[in-house]
Amino acid sequence: MEISDPYFEQSLNNGLIVEVQDLTRRYYGDYHKVTLEVTLRVPLVGGLFSDQNHPGEALEKARRILGDEARSVLRLERMGVPSDMVETIRTRLWESYHRSSFGYFQRPDYPAKLVRQLLDKRKKTRPFLQPVT
């Protein structure tokens, strides 16, 4: 499997797109670092901001900050995995994450909450340093 090939990809009914890439690599002898990179993507559309006073303005502001879609990335990792256990561990990592998270992901309000969370996170970051004149 090449890194650019998704290990898993699914579009949910609420508009959320879940993509998982396998970034597993061998790092020492027969030991591997099993890594699954989970990307949650939400295309920015007006319906995400329907509960706000000015949904059109909120959508344009979100697009200026996040682009055409909001993205959240998480890595699931396990170190020290022997070659003969790589597929088993990869499957266990994904199944555990799927069991614990997909109930939330499938909620109708989850994409809007994720977008708001990402926008709030951007607000909290420090602005670029300005030179003193």
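Trainee: So is Y28 buried or exposed?

Mentor: Exposed, because its relative accessibility is 60%. Buried means under 20% relative accessible area, exposed over 50%, and partly exposed in between (1.4 Å probe, protein chains only). Keep in mind that this is a predicted model, where local features need pLDDT of at least 70, side-chain atom pairs count only at pLDDT 80 or more, and totals for chains, interfaces and linings use all residues. Residues are numbered from 1 along each chain as its sequence is written, and side-chain values use heavy atoms, leaving out hydrogens and water.

Trainee: Which strand is Y28 in?

Mentor: Strand β3, residues 25-28. Strands (E, at least two residues) and helices (H or I, at least four) are DSSP runs, numbered from the N terminus.

Trainee: New topic: how many helices and strands does the chain have?

Mentor: Three helices and five strands, in the order β-β-β-β-α-β-α-α from the N terminus.

Trainee: And α2, why does its length agree with what a helix should span?

Mentor: At 1.5 Å a residue, its 20 residues (86-105) should span 28 Å, and the end C-alpha atoms are 27 Å apart, so the two agree. The expected span is 1.5 Å times one less than the number of residues.

Trainee: Which residues of α2 are buried?

Mentor: V86, I89, R90, L93, W94, Y97, S101, F102 and F105.

Trainee: What share of the whole chain is buried?

Mentor: Buried residues account for 35% of the 133 residues.
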